[in-house]
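Hi everyone, thanks for coming. Let me put the structure up, and then we'll walk through a handful of residues together.

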Amino acid sequence: MEDVLGDGGILKEVIQSGEGPPVPENASILIHYSAFLEYSDQPFETTTRCKYPRMMKLGRDVTLFGLQLGLLTMKKGEFSRFLFQPDYAYGDLGCPPFIPAAAEVLYEVHIVDYFDSAQMDDFIALSLEEQNSFPLSTLLKVVDTLRGFGNRCFNQSNYYNAKDRYKQAVRLLGNRETQNDADKETIQTALLPLYLNISLTELRLDSPHKALKYSNKALEIDRTNTKALFRCGQAYLDLHEYESAHRCLISAQAKKPFDVDINNLLRRVAMCYKKSIDQQKELYSKMFQHLRSPVKQ
């Protein structure tokens with residue numbers, strides 16, 4: 001094993017190499033790990049039973065000193081083992097009842113992904129006036145990081161957290177004070193995918209009215225955007241407004257006539273609309289039949 005610091009306190013063995021630069025300080029990482037005591041084959045702590053990797057921020061969520069230092073040596077996709085001496089783990093006292101005194105601990109760590117979130121965290125902590133003093137490029141980087149966080153939460157079916165990240169990015173863009181037409185257009189361009197993301201998230205949360213609201217915001221920026229038209233079609237279908245759904249999807253189909261998702265949803269809308277009409281006919285038929293029936297004396 002490699003001696004990370006040269007004092008024998010942290011030993012590292014790379015099982016699977018990663019790629020790209022090492023994890024930066026104050027990054028937010030997606031991680032799977034298992035922690036073992038010496039001579040134990042059962043972990044005293046593990047995330048591997050979780051469906052998705054855990055999101056942890058260095059310096060805040062990672063509290064073990066040796067693990068913090070070890071993570072900074074890792075790259076995206078890397079899987080490594082670390083052996084920590086007590087000074088870099090739980091110290092001479094340990095952490096009763098699970099960690100005995102002066103225990104060596106072994107961590108198996110897999111870095112799934114990471115986000116360099118230091119700039120984002122620092123920017124969000126600023127006042128509006130301070131945020132507006134930074135160049136637009138800084139704001140766009142922060143927004144892109146927030147959207148990346150949101151996408152990761154969405155992919156893990158954590159829709160509420162995803163929506164919060166997207167909306168936070170929208171608020172930052174909305175707070176930007178600019179009189180420059182080029183900057184305004186850049187901000188609108190950055191808002192478009194966020195509105196689409198929020199719309200899809202609201203659909204996953206069974207909130208078609210809110211999904212429709214954000215789809216329409218996207219269409220205000222780009223009135224022929226096929227994703228926005230498709231989201232509107234989905235929302236209207238959930239609201240049983242079949243004619244509106246059909247209208248939006250026909251507009252989307254005109255832009256992408258061979259899109260499988262659009263064409264499949266159009267067929268579904270047509271089937272639902274026919275079923276609705278048939279049910280109405282049956283209902284009216286029963287009503288009129290009842291009215292025509294003679295009243296018994």
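H240 counts as exposed, at 57% relative accessibility. Exposed here means over 50% relative accessible area, buried means under 20%, and partly exposed is in between, using a 1.4 Å probe and protein chains only. You'll find H240 in the loop between α8 (226-238) and α9 (242-255). Its phi is positive, about 65 degrees, although H240 is not a glycine.

Before I go on, a word on where this comes from. It's a predicted model, where local features need pLDDT of at least 70 and side-chain atom pairs count only at pLDDT 80 or more, while totals for chains, interfaces and linings use all residues. Residues are numbered from 1 along each chain as its sequence is written, and side-chain values use heavy atoms, with hydrogens and water left out.

Okay, which other residue has a positive phi without being glycine? Y39, with phi near 70 degrees. Y39 sits in the loop between β4 (28-37) and β5 (45-46), and with a relative accessible area of 81% Y39 is exposed too.

While we're on loops, look at P97, in the loop between β8 and β9 (105-115). The peptide bond joining P96 and P97 is cis, with omega about 5 degrees.

Now for strand β8 itself, residues 79-84, which holds S80. Is S80 buried or exposed? S80 counts as buried, because its relative accessibility is 0%. What does S80 touch, leaving aside neighbours within four places in sequence? The list is K12, E13, V14, I15, M74, Y107, E108 and V109, where contact means heavy atoms within 4.5 Å. The side chain of S80 also makes a polar contact of 2.6 Å with the side chain of E78. That term covers a pair of N or O atoms within 3.5 Å; within protein, one must be able to donate a hydrogen and the other to accept it, and residues adjacent in sequence count only if both atoms are side-chain atoms.

M74 turns up again with P21, which contacts M74, K75 and Y114 once neighbours within four places are set aside. P21 belongs to strand β3 (residues 19-22), and P21 is exposed, since its relative accessible area is 53%. P21 and K76 are 55 residues apart along the chain, yet 7.8 Å separates their C-alpha atoms.

A helix next: T145 is in α4, residues 136-155. At 17% relative accessibility, T145 counts as buried. T145 touches D116 and M120, not counting residues up to four places away.

Finally, zoom out. The chain has 10 helices and nine strands, and 41% of its 297 residues count as buried. How far does the C-alpha trace span along its principal axes? About 100 × 60 × 40 Å. The radius of gyration is 27 Å, whereas a compact globule of 297 residues would be near 19 Å; that's taken over C-alpha atoms, and the globule rule is 2.2 Å times the number of residues to the power 0.38. And of the contacts between residues at least 6 apart in sequence, 62% join residues at least 24 apart.

How values were computed. Helix = DSSP H or I, 4+ residues; strand = E, 2+ residues; numbered from the N terminus.
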